Amino acid sequence: MKNIDTLLKEVKRVHFIGIGGAGMCPVAEILISLGYQVSGSDNNDTETFRRIEKEGARVYLGQVKENITDDVELVIYTNAILKGNEELEYAKANFPCFERAELLGAISRIFSNCIGVCGTHGKTTTSSMITQILMEAGLDPSAVIGGKLPIINAYGRYGHSQNFVCESCEFNNTFLHMNPDIAVILNIDEDHLDFFGNLENIKKSFRKFAELTTKTIIYNGDDKNTVDTLAGIDGKKLISVGRNESNDWVAKNISVPGGFHSEYDAYHHGDFVARVVLSVPGEHNIINSLCAFAAAYESGAEVDKILEGLKDFGGASRRFELLGEYCGVTFADDYAHHPAEIKVTLEAAKMMGYNNVWAVHQPFTYTRTSLLLDDFAQVLRIADKCVISEIMGSREVNTIGIKASDLSCKVPGSVQLDTFDEICDYVCDNVQEGDLVITLGCGDVYKVARMMCKRMKEKEEKQ
């Protein structure tokens, strides 16, 4: 069978199984913009499903083999499709089929300035920052991002330039299908251990990603795992970023006065460049933004436009996303699902001056919860109040017997409640004016955030 790069040059009719997914929709949109005829199916009638229909795709709700017409030349599917799916089984038996990651890799090779953003933490935020900077700088990028970017109200876009910003995820070695021209490596940490097994295997995958990069690697020079992983890399331009004076780009005179605001001075090779003002919280976003600064600078953006883009960036969806204030209580939602992510999110929240910070955490996957149990317990103690839901198993079966109560018993004063209804009742009955409630997790914990907002809004309206 021909490889996907060759097929994309020959075909014009592409069908997507799972086209409404947040990762599939922007990729399908790029193909439509490139002149392909696109169709696709999904089991869920979502905003993204209808968005791609408006963009010109022929869509089908439900997944049956009849969705794939005889004129289809190539089928793309998401790995979220379960084994035995009728439409996918039919496609594999009758058409060239490739997983979404393989298509994304092929798209990365179409553009002459593909910026692949990877790292255990911060990918979506940094990808979003770079996209917004390049847009405001008039460099018209295409993009595929893991979260919704408010400036475009979407997970991606097609631009009429050779700039392509792509969030590059390490899970299942997805990013090894890519050949970025500029790689941004934010950090390397223990995660997805159900797939990788250990940190050394994770570092090996990031090393391969770096080697697949064609031109430039921008990396966190303060992160030991990243520095170790890149040791001995040659044939690439290496640009280090961090607080340490030995880096090429350095953040100095950092000010995080609280609230959704921080500032620092950016230095390049020892020379002052500019005072950077951010509109997103947390010291972790200093490094994210400086990596975005360096990537945009390497892509030809002017410094004043980079500064404007960073100042205007207010965050991606589910990245410390403010949902509202009701009865004097502020509600926010964050995708953090790893101890390192929860730590920086809660530390940022604690600096904002609220009376109490409530962490409502949904553990995600049994293996991650079990392997990192003590780390989760330690960081959740940062919050003043902690509520833990049942574990969302996602793709896993609980063969190890881990329970949410195993985590809550290690977090003094925490409450473990299984259902979102119970959590909503408990928090809304006990939260006080001046508190911040932040939901944490990459599953569907955002649903309880919206439930609490609705409940408190109704209460406010009755007062």
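**Sheets, helices and cysteines**

Tutor: Start with strands β6 (residues 113–118) and β10 (residues 182–185): they run parallel and are joined by four bridges. This is a predicted model, where local features need pLDDT of at least 70, side-chain atom pairs count only at pLDDT 80 or more, and totals for chains, interfaces and linings use all residues. Residues are numbered from 1 along each chain as its sequence is written, and side-chain values use heavy atoms, with hydrogens and water left out.

Student: What counts as a strand, and when do two strands pair?
Tutor: Strands (E, at least two residues) and helices (H or I, at least four) are DSSP runs, numbered from the N terminus. Two strands pair if DSSP finds at least two bridges between them.

Student: Which residue is the bridge partner of C118 in β10?
Tutor: I185.

Student: What is the strand order in the sheet of ten?
Tutor: β8-β7-β9-β6-β10-β11-β12-β13-β14-β15. The sheet is open, and its pairing is mixed. On average, neighbouring strands here are turned by 20° against each other, direction ignored. Angles run from 0 to 180 degrees between N-to-C directions, and axes are lines fitted to C-alpha atoms, for helices over the stretch in contact.

Student: Which strands does helix α6 touch?
Tutor: Helix α6 (residues 123–136) packs on the sheet and touches β6, β7 (142–149), β8 and β9 (163–167). Its direction makes about 130° with that of β7. Contact means heavy atoms within 4.5 Å.

Student: New topic. What is the order in the five-strand sheet?
Tutor: β3-β2-β1-β4-β5, open, with parallel pairing. β3 (58–61) and β5 (97–99) are at the edges with a single partner strand each, so one side of each has no neighbour in the sheet. Within it, five bridges join β1 (residues 13–17) to β2 (residues 37–42). F16 stands opposite G40 in β2.

Student: Which strands do α4 and α5 lie across?
Tutor: α4 (residues 86–94) lies across β1, β2, β4 (74–77) and β5, at about 145° to β1. α5 (residues 100–108) lies across β1, β4 and β5, at about 85° to β5.

Student: How do α12 and α14 cross?
Tutor: The axes of α12 (residues 339–350) and α14 (residues 373–380) come within 9 Å and cross at roughly 5°. The two helices are therefore roughly parallel (angles under 35 degrees; over 145 is roughly antiparallel, 65 to 115 roughly perpendicular, the rest oblique).

Student: Which residues make that contact?
Tutor: P339, I342, K343 and L346 of α12, with D375, F376, V379 and L380 of α14.

Student: Is C166 buried or exposed?
Tutor: Buried, at 0% relative accessibility. C291 is buried too, at 0%. Buried means under 20% relative accessible area, exposed over 50%, partly exposed in between (1.4 Å probe, protein chains only).

Student: Last one. Where is E170?
Tutor: In the loop between β9 and β10. E170 is buried, at 2% relative accessibility. Leaving aside neighbours within four places in sequence, its contacts are G119, T120, K123, F175, H192, F196 and F206.
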